[in-house]
Every structure is written in C-alpha cells, then in structure tokens.
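Thanks, everyone. I'll walk through one model today, from the overall fold down to single side chains. Please have a look at it first.

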Amino acid sequence: MKRQRHLRPVYAQTRGARWRRRIGWTLLLTLVIACVWGGLAWLQWRRDQVVAGFNVRGVAVSQNDGYLDFAALEKDGLQFVYLNATSGGSYTDDNYASNYSRVLGTNLGVGVVHTFSFSSSAQTQAAYFKKIVGTDIGNLPIAIHVAYYGDYNAKTVAVKRNQKKLRQLIFDLTNYYDRKCIVWSTPSIARKLVKPVIKKTPLWYDTQSTHQRAKRIQLMHYSDRAVYRQNGTRQEFAGLLFNGSQAQFTRLFGAGAE
C-alpha cells in the first residue's frame, strides 16, 4: 500500500517563498550597506593619511571662490594663502586686488600666483605681472603655475622653447623682486619642463603622495575639496600643505626675499 503524501497547502508554500525572498533581499541590502560604509571609511582614512603629519596648511584661491573672509580661514587653522593674480600676458583674476587688500588684515602668510602661458613670451608675461601686481607680492615665494590647457598637452608643447621661456621668466621675476619663485605643476610636467633646466627653484606639486617627498618640494596641492569655514557655512578650497616643520615655515614666512 502506497504511503500517503502530506502536501502543504499552496498558500503555505507561497508564504515560505515570500519569506525566503525577504531574507535574501535583507541580506543583500545589508551587504551593500556594509560595502558602501566600508568604502566611505576607507576613503576617509585615505584622506586622513594624505594630510597626516602636516601641521602647516593653506589654500590657493581665485575669483571662482567668491568673496572670502580671510579672518575665518585663519581662525580655522590655516597659516597661509596663495592668491591667483595673473595669467599669460593679458589676464587678471577679477578678485586679486580686493583679496590682497583684505588678506593683509590677517596674520596669514601671503603669496601670489602667475599662470604660465605657452603662447606668450617670457618678457611679455613678466611685464604684465609687474604691471598688475606691482609690489603687492606678499611675503611668500612668487608661484608660477605651469599646467597644460586648451590644445597644449604633453605631445604638442614645444619642450625646449618653453623650458627656456620658463627659465627666463623665473630669472626675471627673481631679480626684479629679489624674491624666490616656486614652480607649481604636476610631477610629470616638472620632470619634462622644469627639472631639466631649473635646478634649484623650489617646487610645488599637485599630488596626494605627500609623504617622503624631497625637501625641494616645499608645497603640495593635495585636494580641491579641502573644507574650511566661510561666511557661516563650509566651503571647498584647493588645499595646500607645507612640506616641513613649523619652524621651517616660519623661516620661509619671514624670509621671502632671501
């Protein structure tokens, strides 16, 4: 005689499948949340490691940052600021003059930035910088920002010609102002355009590899999302680190004309 099969009602099977699906989706959602949380925690750890050990911090600002409360930046722990001033032989940052006049009301170290042009001569750029900036160069080294733009890239830039042009510009500004310059670029641009012909000028790198850098690399631009207080809110800036001790920065701050 055949054994009688005990069949579960259809609704019971449906209810069991529904619970299994719920448990499966719950486990999957928990796994996704754990992965996202872990990823965010790792990113925060990575950001913390980039700036760990660097106690002297600053920002680079331009007209894109709007009206700035420099006293608030100082209160938030910053020690220096670089102001975008000129570019090539014909462009001036709209907020340079007002930024410069207001930052002098703080104890922040102040530097100015000229953006190098691949199409203008060294003489034209130096003359324009002197005309616009005058003697308002702050007390930090004059920064010359070298970056590819438009149709200029690693393949199209005339290396020898622009090496010579950059060297002439640095020589001109250094002698005219009796002030050191610092060249701001990526490590790859520095290897191609700066280091082969400019041996002693300090360097400023765009990099998140901030540790164990040579002493020649005095500044590092580590992020465009460094957050500081501004006008009652939090605002993102181009974050800078000084590659040295507080004592070394103090010597640099007080000896910009050395």
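What percentage of the 258 residues of the chain count as buried? It's 43%. Keep in mind that this is a predicted model. The chain has 7 helices and 9 strands. Now the contacts. Take those with a separation of 6 or more: residues 24 or more positions apart account for 66% of them.

Let's go inside. The largest nonpolar core has 49 residues. Which of them touch the most other members? They are L83, I144, V146 and L173. Look at L173 for a moment. Leaving out residues up to four places away in sequence, L173 touches A126, F129, K130, I142, I144, D178, R179 and C181. There is also a second, separate core, with 16 residues. Among its members are A60, V113, L140 and A143.

Next, helix α6, residues 187-194. Which residues of α6 are buried? P187, I189, A190, L193 and V194 are. These residues sit on the same side of α6, because they cover an arc of only 155 degrees around the axis. What covers them? The cover includes α5 (159-177), β6 (181-185) and β7 (203-206).

Q218 lies in β8, residues 217-230. Its relative accessibility is 18%, so Q218 counts as buried; the cut-off is under 20%. Set aside the neighbours within four places in sequence. Q218 is then in contact with I182, P202, L203, L241, F242, N243 and L252.

D93 is in the loop between β3 (91-92) and α3 (96-103). D93 is buried, yet it has no salt bridge. How far away is the nearest side chain of opposite charge? That is R102, at 9.1 Å. What D93 does have is backbone nitrogens. The backbone nitrogen of Q63 lies 2.9 Å from a polar atom of the D93 side chain. The D93 side chain also reaches the backbone nitrogen of N95, at 2.9 Å. Beyond four places in sequence, D93 touches S62, Q63, N84 and A85.

On to the salt bridges. How many are there in the whole structure? A search finds 4. I'll show three of them.

Start with R229 and D76. Their side chains meet at 2.4 Å, N to O. R229 is in strand β8, and D76 is in the loop between α2 (70-75) and β2 (80-87), so this pair ties together parts that are 153 residues apart in sequence. R229 is partly exposed, with a relative accessible area of 49%.

D76 has another partner. The side chains of D76 and R234 meet in a salt bridge at 3.9 Å, N to O. R234 is in strand β9, residues 233-242, so here the parts tied together are 158 residues apart in sequence. If you're looking at the model, find all three residues. D76, R229 and R234 are linked in a network of salt bridges.

D172 and K130 meet through their side chains at 2.8 Å, N to O. D172 is in α5 and K130 is in α4 (residues 122-133), so the pair ties together parts 42 residues apart in sequence. Buried or exposed?

Follow the chain on from α4. T135 lies in the loop between α4 and β5 (142-145). T135 counts as exposed, at 71% relative accessibility.

Last, two backbone angles. D178 is in the loop between α5 and β6. Its phi is near 50 degrees, a positive value in a residue other than glycine. N231, in the loop between β8 and β9, also has a positive phi, of about 50 degrees, and it is not a glycine either.

That's the tour. I'm happy to take questions.

Terms used. Residues are numbered from 1 along each chain as its sequence is written. This is a predicted model: local features need pLDDT of at least 70, side-chain atom pairs count only at pLDDT 80 or more; totals for chains, interfaces and linings use all residues. Side-chain values use heavy atoms; hydrogens and water are left out. Helices (H or I, at least four residues) and strands (E, at least two) are DSSP runs, numbered from the N terminus. Buried means under 20% relative accessible area, exposed over 50%, partly exposed in between (1.4 Å probe, protein chains only). Lys and Arg count as positive and Asp and Glu as negative; His and the chain ends are not counted. A polar contact is a pair of N or O atoms within 3.5 Å; within protein, one must be able to donate a hydrogen and the other to accept it, and residues adjacent in sequence count only if both atoms are side-chain atoms. Contact means heavy atoms within 4.5 Å. The arc is that of the directions from the helix axis to the C-beta atoms. A nonpolar core is a set of buried Ala, Val, Leu, Ile, Met, Phe, Trp, Tyr and Cys residues joined through side-chain atoms within 4.5 Å.
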